[in-house]
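Subject: Model for you, with notes on charged residues

Hello,

Here is the model for your set. My notes on it follow below.

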Amino acid sequence: MLKRTTIAGCGIALLIVGSLTVRAATKESLPSADELKKLHAQFAPVELKVDLGKLPAGEKEAIKKMIAAAKLMDALFLRQVWAGNPALLVDLMRDTSPVGQARLACFMLFKGPWDRLNHNRPFVPGVGPKPPQANFYPAGSSKADIETWMNKLAAGERAKATSFFTTVRRGAGKTILTVPYSVEYQGELAEAARLLREAAAATQQPTLKAFLEKRADSFIHNEYYDSDVAWMELDSSIEPTIGPYEVYEDEWFNYKAAFEAFISLRDDAETKKLKKFGDSLQELENNLPIDPKWRNSQLGEMAPIRVVNEVYAAGDADAGVKTAAFNLPNDEQILAEKGSKRVMLKNVQEAKFQKVLLPIAKVALSSKDQKKVSFDAFFTHILMHELMHGLGPHETKTSAKQTTVREALKDAYSAIEEAKADVSGLWAMNYLAGKGVVDEKTRKSMFQTYLASMFRSLRFGITESHAKGV
(Lines give C-alpha, C1' and ligand atoms only; values in the text may rest on other atoms or scores of the structure.)
Protein backbone atom coordinates (compact mmCIF):
# COMPACT_ATOMS: atom_id res chain seq x y z
CA MET A 1 0.00 0.00 0.00
CA LEU A 2 1.25 3.44 -0.87
CA LYS A 3 1.03 6.71 0.96
CA ARG A 4 2.39 10.24 1.37
CA THR A 5 4.19 12.00 -1.48
CA THR A 6 6.89 14.64 -1.28
CA ILE A 7 8.50 16.26 -4.29
CA ALA A 8 12.27 15.81 -4.46
CA GLY A 9 13.69 16.80 -7.84
CA CYS A 10 12.13 14.45 -10.35
CA GLY A 11 11.51 11.75 -7.75
CA ILE A 12 8.79 11.23 -5.18
CA ALA A 13 9.06 9.57 -1.79
CA LEU A 14 6.12 7.27 -1.14
CA LEU A 15 5.35 5.02 1.76
CA ILE A 16 4.27 1.45 1.11
CA VAL A 17 2.83 -0.87 3.72
CA GLY A 18 4.80 -4.07 3.95
CA SER A 19 3.83 -5.51 7.33
CA LEU A 20 1.09 -8.11 7.68
CA THR A 21 0.36 -7.74 11.40
CA VAL A 22 -2.25 -5.38 12.84
CA ARG A 23 -3.02 -5.12 16.54
CA ALA A 24 -6.65 -5.13 17.62
CA ALA A 25 -8.05 -1.74 18.67
CA THR A 26 -9.11 -1.14 22.26
CA LYS A 27 -11.11 1.68 23.81
CA GLU A 28 -9.01 1.71 26.97
CA SER A 29 -5.58 2.46 25.54
CA LEU A 30 -3.91 4.71 23.02
CA PRO A 31 -0.75 3.67 21.22
CA SER A 32 2.52 4.88 22.71
CA ALA A 33 5.19 6.78 20.79
CA ASP A 34 7.02 3.52 20.07
CA GLU A 35 3.82 1.84 18.85
CA LEU A 36 3.05 4.79 16.60
CA LYS A 37 6.55 4.64 15.16
CA LYS A 38 6.01 0.97 14.40
CA LEU A 39 2.69 1.81 12.75
CA HIS A 40 4.37 4.46 10.62
CA ALA A 41 7.23 2.08 9.84
CA GLN A 42 4.77 -0.34 8.20
CA PHE A 43 4.91 2.10 5.26
CA ALA A 44 8.19 1.61 3.40
CA PRO A 45 9.62 4.62 1.54
CA VAL A 46 9.93 4.26 -2.24
CA GLU A 47 11.22 6.74 -4.79
CA LEU A 48 9.06 7.14 -7.88
CA LYS A 49 11.09 8.73 -10.65
CA VAL A 50 9.31 10.90 -13.18
CA ASP A 51 11.32 12.57 -15.95
CA LEU A 52 10.23 16.18 -16.30
CA GLY A 53 13.35 17.19 -18.23
CA LYS A 54 11.81 17.05 -21.70
CA LEU A 55 8.89 19.31 -20.84
CA PRO A 56 9.00 22.89 -22.18
CA ALA A 57 9.39 25.66 -19.60
CA GLY A 58 5.72 26.63 -19.85
CA GLU A 59 4.56 23.10 -19.08
CA LYS A 60 6.88 22.89 -16.07
CA GLU A 61 5.40 26.15 -14.79
CA ALA A 62 1.91 24.75 -15.33
CA ILE A 63 2.80 21.67 -13.23
CA LYS A 64 4.06 23.89 -10.41
CA LYS A 65 0.75 25.76 -10.35
CA MET A 66 -1.23 22.50 -10.46
CA ILE A 67 0.74 21.08 -7.54
CA ALA A 68 0.05 24.27 -5.56
CA ALA A 69 -3.67 23.81 -6.28
CA ALA A 70 -3.41 20.12 -5.34
CA LYS A 71 -2.05 21.04 -1.92
CA LEU A 72 -5.28 22.94 -1.27
CA MET A 73 -7.15 19.67 -1.85
CA ASP A 74 -5.27 18.33 1.18
CA ALA A 75 -6.61 21.14 3.35
CA LEU A 76 -10.16 20.65 2.05
CA PHE A 77 -10.04 16.89 2.55
CA LEU A 78 -8.95 17.31 6.17
CA ARG A 79 -12.03 19.49 6.76
CA GLN A 80 -14.27 16.96 5.04
CA VAL A 81 -13.01 14.02 7.10
CA TRP A 82 -13.69 15.73 10.44
CA ALA A 83 -14.50 19.27 11.53
CA GLY A 84 -11.89 19.01 14.30
CA ASN A 85 -8.99 18.13 12.01
CA PRO A 86 -7.62 21.65 11.31
CA ALA A 87 -7.46 22.63 14.99
CA LEU A 88 -6.03 19.26 15.97
CA LEU A 89 -3.30 19.57 13.34
CA VAL A 90 -2.22 22.90 14.85
CA ASP A 91 -2.14 21.36 18.34
CA LEU A 92 -0.06 18.40 17.14
CA MET A 93 2.41 20.70 15.39
CA ARG A 94 2.95 22.53 18.69
CA ASP A 95 3.52 19.31 20.65
CA THR A 96 7.26 18.66 20.56
CA SER A 97 7.17 15.59 22.83
CA PRO A 98 8.12 12.21 21.31
CA VAL A 99 4.53 10.96 21.42
CA GLY A 100 3.27 14.27 19.99
CA GLN A 101 5.64 14.08 17.03
CA ALA A 102 4.73 10.42 16.46
CA ARG A 103 1.04 11.36 16.49
CA LEU A 104 1.69 14.17 14.01
CA ALA A 105 3.50 11.81 11.62
CA CYS A 106 0.61 9.33 11.71
CA PHE A 107 -1.96 12.14 11.43
CA MET A 108 -0.34 13.28 8.18
CA LEU A 109 -0.18 9.69 6.99
CA PHE A 110 -3.87 8.92 7.58
CA LYS A 111 -5.28 12.46 7.11
CA GLY A 112 -6.71 12.46 10.61
CA PRO A 113 -6.28 10.93 14.09
CA TRP A 114 -7.54 7.43 13.19
CA ASP A 115 -5.61 4.40 12.01
CA ARG A 116 -7.32 3.55 8.73
CA LEU A 117 -5.62 0.14 8.64
CA ASN A 118 -6.96 -0.94 12.01
CA HIS A 119 -10.71 -0.37 12.26
CA ASN A 120 -10.14 3.43 12.44
CA ARG A 121 -8.62 3.09 15.91
CA PRO A 122 -7.94 6.59 17.38
CA PHE A 123 -4.34 7.35 18.28
CA VAL A 124 -4.89 10.86 19.71
CA PRO A 125 -6.66 11.40 23.06
CA GLY A 126 -10.11 12.96 23.13
CA VAL A 127 -11.05 12.57 19.48
CA GLY A 128 -13.59 9.75 19.88
CA PRO A 129 -14.57 7.34 17.08
CA LYS A 130 -14.15 8.37 13.44
CA PRO A 131 -17.53 9.83 12.35
CA PRO A 132 -19.00 7.68 9.56
CA GLN A 133 -20.82 10.75 8.21
CA ALA A 134 -17.48 12.60 8.05
CA ASN A 135 -18.14 16.37 8.03
CA PHE A 136 -20.80 16.32 5.31
CA TYR A 137 -23.90 16.43 7.55
CA PRO A 138 -25.04 18.54 10.53
CA ALA A 139 -23.33 17.95 13.86
CA GLY A 140 -25.59 16.16 16.32
CA SER A 141 -27.83 14.67 13.64
CA SER A 142 -28.39 10.96 13.18
CA LYS A 143 -28.44 9.08 9.90
CA ALA A 144 -32.16 8.45 10.44
CA ASP A 145 -32.79 12.19 10.91
CA ILE A 146 -31.15 13.04 7.60
CA GLU A 147 -32.75 10.16 5.73
CA THR A 148 -36.20 11.18 6.99
CA TRP A 149 -35.56 14.78 5.91
CA MET A 150 -34.36 13.69 2.45
CA ASN A 151 -37.37 11.44 1.89
CA LYS A 152 -39.74 14.38 2.46
CA LEU A 153 -38.07 16.62 -0.14
CA ALA A 154 -39.47 17.35 -3.57
CA ALA A 155 -37.49 15.82 -6.45
CA GLY A 156 -35.45 18.94 -7.22
CA GLU A 157 -34.51 19.58 -3.60
CA ARG A 158 -33.71 15.91 -3.04
CA ALA A 159 -31.35 16.02 -6.02
CA LYS A 160 -29.50 18.88 -4.31
CA ALA A 161 -29.42 17.05 -0.98
CA THR A 162 -27.98 13.87 -2.53
CA SER A 163 -25.63 15.73 -4.88
CA PHE A 164 -21.93 14.93 -4.93
CA PHE A 165 -21.18 18.62 -4.49
CA THR A 166 -23.22 19.85 -1.51
CA THR A 167 -22.97 19.60 2.25
CA VAL A 168 -26.00 19.36 4.53
CA ARG A 169 -26.12 21.90 7.37
CA ARG A 170 -28.50 23.39 9.93
CA GLY A 171 -29.75 26.91 9.38
CA ALA A 172 -31.77 29.29 11.51
CA GLY A 173 -34.32 27.59 13.74
CA LYS A 174 -32.54 24.25 13.30
CA THR A 175 -33.86 23.92 9.74
CA ILE A 176 -31.85 21.58 7.52
CA LEU A 177 -30.51 22.94 4.26
CA THR A 178 -27.98 22.16 1.52
CA VAL A 179 -24.87 24.25 0.94
CA PRO A 180 -22.96 24.12 -2.38
CA TYR A 181 -19.28 23.22 -2.13
CA SER A 182 -18.52 26.55 -3.83
CA VAL A 183 -19.96 28.28 -0.73
CA GLU A 184 -18.87 25.78 1.96
CA TYR A 185 -15.25 25.82 0.77
CA GLN A 186 -15.27 29.23 -0.87
CA GLY A 187 -11.86 30.46 0.26
CA GLU A 188 -9.80 27.43 -0.72
CA LEU A 189 -11.67 26.88 -3.99
CA ALA A 190 -11.24 30.50 -5.05
CA GLU A 191 -7.48 30.18 -4.53
CA ALA A 192 -7.39 26.80 -6.32
CA ALA A 193 -9.30 28.33 -9.24
CA ARG A 194 -6.76 31.16 -9.47
CA LEU A 195 -3.87 28.70 -9.57
CA LEU A 196 -5.54 26.55 -12.23
CA ARG A 197 -6.13 29.62 -14.41
CA GLU A 198 -2.45 30.52 -14.06
CA ALA A 199 -1.56 26.95 -15.06
CA ALA A 200 -3.88 27.28 -18.05
CA ALA A 201 -2.12 30.47 -19.09
CA ALA A 202 1.28 28.74 -18.89
CA THR A 203 0.50 25.64 -20.96
CA GLN A 204 0.54 25.51 -24.75
CA GLN A 205 -1.61 22.35 -24.91
CA PRO A 206 -5.19 23.24 -25.98
CA THR A 207 -7.12 20.44 -24.27
CA LEU A 208 -5.14 20.89 -21.04
CA LYS A 209 -5.82 24.63 -21.13
CA ALA A 210 -9.54 23.96 -21.68
CA PHE A 211 -9.78 21.53 -18.78
CA LEU A 212 -7.92 23.78 -16.33
CA GLU A 213 -10.07 26.80 -17.20
CA LYS A 214 -13.31 24.84 -16.96
CA ARG A 215 -12.33 23.14 -13.70
CA ALA A 216 -11.52 26.59 -12.27
CA ASP A 217 -15.03 27.67 -13.27
CA SER A 218 -16.46 24.57 -11.58
CA PHE A 219 -14.78 25.46 -8.31
CA ILE A 220 -16.48 28.86 -8.40
CA HIS A 221 -19.93 27.96 -9.79
CA ASN A 222 -20.33 24.37 -8.45
CA GLU A 223 -21.25 23.00 -11.88
CA TYR A 224 -18.92 20.17 -12.85
CA TYR A 225 -20.44 18.73 -16.05
CA ASP A 226 -18.46 20.83 -18.54
CA SER A 227 -15.14 20.35 -16.78
CA ASP A 228 -15.76 16.59 -16.44
CA VAL A 229 -16.34 16.38 -20.20
CA ALA A 230 -13.19 18.47 -20.76
CA TRP A 231 -11.28 16.03 -18.53
CA MET A 232 -12.57 13.10 -20.60
CA GLU A 233 -11.37 14.87 -23.77
CA LEU A 234 -7.96 15.72 -22.30
CA ASP A 235 -5.15 14.82 -24.72
CA SER A 236 -1.89 16.20 -23.36
CA SER A 237 1.47 15.14 -21.96
CA ILE A 238 0.33 16.29 -18.50
CA GLU A 239 -2.65 14.43 -17.02
CA PRO A 240 -4.15 16.28 -14.03
CA THR A 241 -7.13 15.05 -12.02
CA ILE A 242 -8.26 17.55 -9.41
CA GLY A 243 -11.56 18.15 -7.61
CA PRO A 244 -14.29 16.32 -5.66
CA TYR A 245 -14.64 12.73 -6.84
CA GLU A 246 -14.77 9.64 -4.61
CA VAL A 247 -17.56 9.05 -2.09
CA TYR A 248 -15.82 6.60 0.27
CA GLU A 249 -15.64 9.06 3.20
CA ASP A 250 -19.44 9.41 3.31
CA GLU A 251 -20.13 6.14 5.09
CA TRP A 252 -23.77 7.10 5.74
CA PHE A 253 -24.95 7.28 2.14
CA ASN A 254 -21.96 7.36 -0.26
CA TYR A 255 -23.42 10.59 -1.68
CA LYS A 256 -20.75 13.21 -0.99
CA ALA A 257 -17.55 13.57 -3.02
CA ALA A 258 -14.20 14.15 -1.33
CA PHE A 259 -11.51 16.42 -2.75
CA GLU A 260 -8.39 14.85 -4.23
CA ALA A 261 -5.70 15.45 -6.83
CA PHE A 262 -3.38 13.44 -9.06
CA ILE A 263 -0.79 15.32 -11.11
CA SER A 264 0.90 12.96 -13.56
CA LEU A 265 2.69 12.60 -16.90
CA ARG A 266 1.24 10.43 -19.64
CA ASP A 267 3.18 7.37 -20.82
CA ASP A 268 2.34 7.40 -24.54
CA ALA A 269 3.90 4.05 -25.40
CA GLU A 270 2.07 2.17 -22.63
CA THR A 271 -1.17 4.03 -23.31
CA LYS A 272 -1.08 2.99 -26.97
CA LYS A 273 -0.70 -0.66 -25.97
CA LEU A 274 -3.98 -0.59 -24.04
CA LYS A 275 -6.20 0.76 -26.82
CA LYS A 276 -7.26 -2.80 -27.64
CA PHE A 277 -8.92 -3.10 -24.22
CA GLY A 278 -10.96 0.06 -24.70
CA ASP A 279 -12.07 -1.24 -28.09
CA SER A 280 -13.43 -4.39 -26.38
CA LEU A 281 -15.74 -2.66 -23.89
CA GLN A 282 -19.00 -2.99 -25.83
CA GLU A 283 -18.29 -6.66 -26.50
CA LEU A 284 -17.67 -7.23 -22.80
CA GLU A 285 -20.90 -5.41 -21.93
CA ASN A 286 -22.84 -7.49 -24.46
CA ASN A 287 -21.55 -10.71 -22.90
CA LEU A 288 -21.78 -9.89 -19.19
CA PRO A 289 -23.04 -12.95 -17.28
CA ILE A 290 -26.18 -11.13 -16.12
CA ASP A 291 -29.79 -10.85 -17.26
CA PRO A 292 -29.64 -9.17 -20.71
CA LYS A 293 -32.15 -6.51 -19.61
CA TRP A 294 -29.42 -5.00 -17.39
CA ARG A 295 -26.86 -4.75 -20.19
CA ASN A 296 -26.26 -1.41 -21.89
CA SER A 297 -26.61 -1.84 -25.66
CA GLN A 298 -24.83 1.46 -26.29
CA LEU A 299 -22.09 2.51 -23.91
CA GLY A 300 -20.97 6.12 -23.63
CA GLU A 301 -19.13 7.25 -26.75
CA MET A 302 -15.80 7.78 -24.95
CA ALA A 303 -13.77 5.24 -23.00
CA PRO A 304 -10.22 6.59 -22.85
CA ILE A 305 -7.50 4.63 -21.05
CA ARG A 306 -4.43 6.52 -19.91
CA VAL A 307 -1.21 5.07 -18.51
CA VAL A 308 0.58 7.72 -16.48
CA ASN A 309 3.41 8.19 -14.01
CA GLU A 310 2.42 10.03 -10.87
CA VAL A 311 4.19 13.26 -9.95
CA TYR A 312 2.04 14.35 -6.98
CA ALA A 313 -1.06 13.18 -5.13
CA ALA A 314 -3.15 14.91 -2.48
CA GLY A 315 -6.38 14.77 -0.50
CA ASP A 316 -8.42 11.58 -0.71
CA ALA A 317 -5.81 10.25 -3.17
CA ASP A 318 -3.21 10.39 -0.39
CA ALA A 319 -5.09 9.16 2.69
CA GLY A 320 -3.65 5.95 4.08
CA VAL A 321 -3.31 3.74 1.02
CA LYS A 322 -1.85 4.96 -2.25
CA THR A 323 -4.16 4.57 -5.24
CA ALA A 324 -2.89 2.37 -8.09
CA ALA A 325 -5.54 3.29 -10.67
CA PHE A 326 -8.89 5.02 -10.88
CA ASN A 327 -12.02 5.18 -13.01
CA LEU A 328 -13.76 8.55 -13.17
CA PRO A 329 -15.97 10.52 -13.21
CA ASN A 330 -18.65 8.99 -11.00
CA ASP A 331 -21.47 11.22 -12.26
CA GLU A 332 -24.14 8.95 -13.76
CA GLN A 333 -25.05 11.50 -16.47
CA ILE A 334 -21.46 11.59 -17.73
CA LEU A 335 -21.26 7.79 -17.58
CA ALA A 336 -24.40 7.44 -19.69
CA GLU A 337 -23.43 10.07 -22.25
CA LYS A 338 -19.65 9.78 -22.48
CA GLY A 339 -18.53 6.74 -20.53
CA SER A 340 -15.58 7.02 -18.15
CA LYS A 341 -11.81 7.37 -18.24
CA ARG A 342 -9.49 4.78 -16.72
CA VAL A 343 -6.15 6.05 -15.45
CA MET A 344 -3.38 3.58 -14.63
CA LEU A 345 -0.62 4.88 -12.32
CA LYS A 346 2.17 2.69 -13.66
CA ASN A 347 5.03 3.79 -11.40
CA VAL A 348 2.81 3.35 -8.34
CA GLN A 349 1.72 -0.11 -9.49
CA GLU A 350 5.31 -1.19 -10.05
CA ALA A 351 6.20 -0.11 -6.52
CA LYS A 352 3.19 -1.93 -5.06
CA PHE A 353 4.06 -5.10 -6.94
CA GLN A 354 7.71 -5.16 -5.87
CA LYS A 355 7.36 -3.96 -2.29
CA VAL A 356 4.00 -5.43 -1.27
CA LEU A 357 2.58 -8.09 -3.57
CA LEU A 358 5.70 -10.23 -3.99
CA PRO A 359 6.48 -10.37 -0.24
CA ILE A 360 2.86 -11.29 0.47
CA ALA A 361 2.94 -14.01 -2.20
CA LYS A 362 5.93 -15.58 -0.44
CA VAL A 363 3.82 -15.90 2.71
CA ALA A 364 0.37 -16.67 1.28
CA LEU A 365 1.10 -18.95 -1.71
CA SER A 366 2.81 -22.27 -2.22
CA SER A 367 6.25 -22.20 -3.84
CA LYS A 368 4.69 -23.58 -7.03
CA ASP A 369 2.08 -20.82 -7.20
CA GLN A 370 4.57 -18.09 -6.27
CA LYS A 371 6.29 -18.69 -9.61
CA LYS A 372 3.09 -17.82 -11.45
CA VAL A 373 2.69 -14.39 -9.87
CA SER A 374 3.42 -11.77 -12.53
CA PHE A 375 3.34 -8.00 -12.90
CA ASP A 376 1.48 -8.31 -16.22
CA ALA A 377 -1.36 -10.19 -14.50
CA PHE A 378 -1.36 -7.67 -11.63
CA PHE A 379 -1.41 -4.69 -14.02
CA THR A 380 -4.02 -6.23 -16.33
CA HIS A 381 -6.40 -7.12 -13.50
CA ILE A 382 -6.19 -3.60 -12.09
CA LEU A 383 -7.04 -2.32 -15.59
CA MET A 384 -9.93 -4.77 -15.90
CA HIS A 385 -11.15 -3.76 -12.42
CA GLU A 386 -11.30 -0.13 -13.54
CA LEU A 387 -12.91 -0.99 -16.88
CA MET A 388 -15.62 -3.01 -15.18
CA HIS A 389 -16.59 -0.11 -12.93
CA GLY A 390 -18.05 1.47 -16.06
CA LEU A 391 -19.92 -1.64 -17.22
CA GLY A 392 -23.16 -3.15 -15.99
CA PRO A 393 -26.24 -1.30 -14.70
CA HIS A 394 -25.95 2.15 -13.16
CA GLU A 395 -29.68 2.72 -12.78
CA THR A 396 -32.40 0.57 -11.27
CA LYS A 397 -35.92 0.68 -9.88
CA THR A 398 -36.81 0.45 -6.20
CA SER A 399 -40.45 0.60 -5.13
CA ALA A 400 -41.41 1.52 -8.70
CA LYS A 401 -39.06 4.53 -8.61
CA GLN A 402 -36.20 4.98 -11.06
CA THR A 403 -32.96 5.70 -9.24
CA THR A 404 -29.23 5.14 -9.44
CA VAL A 405 -27.58 2.02 -8.05
CA ARG A 406 -25.42 4.30 -5.88
CA GLU A 407 -28.44 5.95 -4.27
CA ALA A 408 -30.30 2.66 -3.85
CA LEU A 409 -27.41 0.88 -2.10
CA LYS A 410 -26.35 3.91 0.01
CA ASP A 411 -23.62 2.94 2.50
CA ALA A 412 -23.27 -0.55 0.99
CA TYR A 413 -22.58 0.81 -2.49
CA SER A 414 -18.81 1.31 -2.39
CA ALA A 415 -17.93 -2.16 -1.05
CA ILE A 416 -20.33 -3.94 -3.41
CA GLU A 417 -19.05 -1.89 -6.36
CA GLU A 418 -15.44 -2.84 -5.55
CA ALA A 419 -16.37 -6.53 -5.21
CA LYS A 420 -18.18 -6.35 -8.54
CA ALA A 421 -15.15 -4.80 -10.23
CA ASP A 422 -12.77 -7.42 -8.81
CA VAL A 423 -14.84 -10.46 -9.75
CA SER A 424 -16.01 -9.21 -13.13
CA GLY A 425 -12.42 -8.09 -13.82
CA LEU A 426 -11.31 -11.71 -13.54
CA TRP A 427 -14.19 -12.74 -15.78
CA ALA A 428 -13.19 -10.12 -18.36
CA MET A 429 -9.55 -11.23 -18.37
CA ASN A 430 -10.62 -14.82 -18.98
CA TYR A 431 -13.09 -13.78 -21.69
CA LEU A 432 -10.53 -11.62 -23.52
CA ALA A 433 -7.93 -14.37 -23.28
CA GLY A 434 -10.34 -16.53 -25.24
CA LYS A 435 -10.39 -13.79 -27.90
CA GLY A 436 -6.62 -13.43 -27.97
CA VAL A 437 -6.67 -9.91 -26.50
CA VAL A 438 -5.07 -11.11 -23.24
CA ASP A 439 -2.11 -13.45 -23.77
CA GLU A 440 -2.29 -16.99 -22.48
CA LYS A 441 0.65 -16.57 -20.09
CA THR A 442 -1.16 -13.75 -18.30
CA ARG A 443 -4.39 -15.74 -18.15
CA LYS A 444 -2.60 -18.69 -16.54
CA SER A 445 -1.14 -16.49 -13.81
CA MET A 446 -4.12 -14.25 -13.08
CA PHE A 447 -5.74 -16.30 -10.31
CA GLN A 448 -2.55 -16.83 -8.32
CA THR A 449 -1.67 -13.15 -8.71
CA TYR A 450 -5.15 -12.04 -7.68
CA LEU A 451 -5.14 -14.33 -4.64
CA ALA A 452 -1.96 -12.66 -3.37
CA SER A 453 -3.49 -9.30 -4.19
CA MET A 454 -6.55 -10.13 -2.09
CA PHE A 455 -4.32 -10.31 0.98
CA ARG A 456 -2.74 -7.04 -0.14
CA SER A 457 -6.16 -5.39 -0.29
CA LEU A 458 -7.18 -6.73 3.11
CA ARG A 459 -4.21 -4.83 4.52
CA PHE A 460 -6.08 -1.61 3.64
CA GLY A 461 -8.17 -2.23 6.79
CA ILE A 462 -11.65 -3.74 6.65
CA THR A 463 -13.30 -0.36 7.11
CA GLU A 464 -11.99 0.52 3.61
CA SER A 465 -14.22 -0.23 0.61
CA HIS A 466 -11.74 -2.28 -1.45
CA ALA A 467 -10.94 -4.45 1.57
CA LYS A 468 -14.65 -4.87 2.32
CA GLY A 469 -15.13 -5.87 -1.30
CA VAL A 470 -12.50 -8.59 -1.00
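Which side chain meets that of Lys-275 in a salt bridge? The side chain of Asp-279 does, at 3.0 Å from N to O. A salt bridge here is a side-chain nitrogen of Lys or Arg within 4 Å of a carboxyl oxygen of Asp or Glu. Both Lys-275 and Asp-279 are exposed; exposed is over 50% relative accessible area, buried under 20% and partly exposed in between, with a 1.4 Å probe and protein chains only.

This is a predicted model, in which local features need pLDDT of at least 70 and side-chain atom pairs count only at pLDDT 80 or more, while totals for chains, interfaces and linings use all residues. Residues are numbered from 1 along each chain as its sequence is written, and side-chain values use heavy atoms, with hydrogens and water left out.

Salt bridges

By the rule above, the count comes to 29 salt bridges. One of them joins Lys-130 and Glu-251, with the closest N and O atoms 4.0 Å apart. Lys-130 sits in the loop between strand S5 (121-122) and helix H5 (143-151), and Glu-251 in the loop between strand S8 (238-244) and strand S9 (259-266), 121 residues apart. Helices (H or I, at least four residues) and strands (E, at least two) are DSSP runs, numbered from the N terminus. Lys-130 counts as buried because its relative accessibility is 11%; Glu-251, at 29%, counts as partly exposed.

Arg-306 forms a salt bridge with Glu-239, the closest N and O atoms being 3.9 Å apart. Arg-306 is in strand S10 (residues 305-315) and Glu-239 in strand S8, so this pair ties together parts 67 residues apart in sequence. Arg-306 is buried at 13% relative accessibility, and Glu-239 is buried at 1%.

There is also a network of salt bridges that links Asp-74, Lys-111, Glu-310, Asp-318 and Lys-322.

A buried Glu with no salt bridge

Glu-285, in helix H13 (residues 281-286), is buried yet has no salt bridge. The nearest side chain of opposite charge (Lys and Arg count as positive, Asp and Glu as negative; His and the chain ends are not counted) is that of Arg-295, 6.7 Å away. A polar atom of the Glu-285 side chain lies 2.7 Å from the backbone nitrogen of Asn-296. The backbone nitrogen of Gly-392 lies 3.0 Å from a polar atom of the Glu-285 side chain.

Regards

Conventions. Polar contact = N/O pair within 3.5 Å; in protein donor to acceptor, adjacent residues only side chain to side chain.
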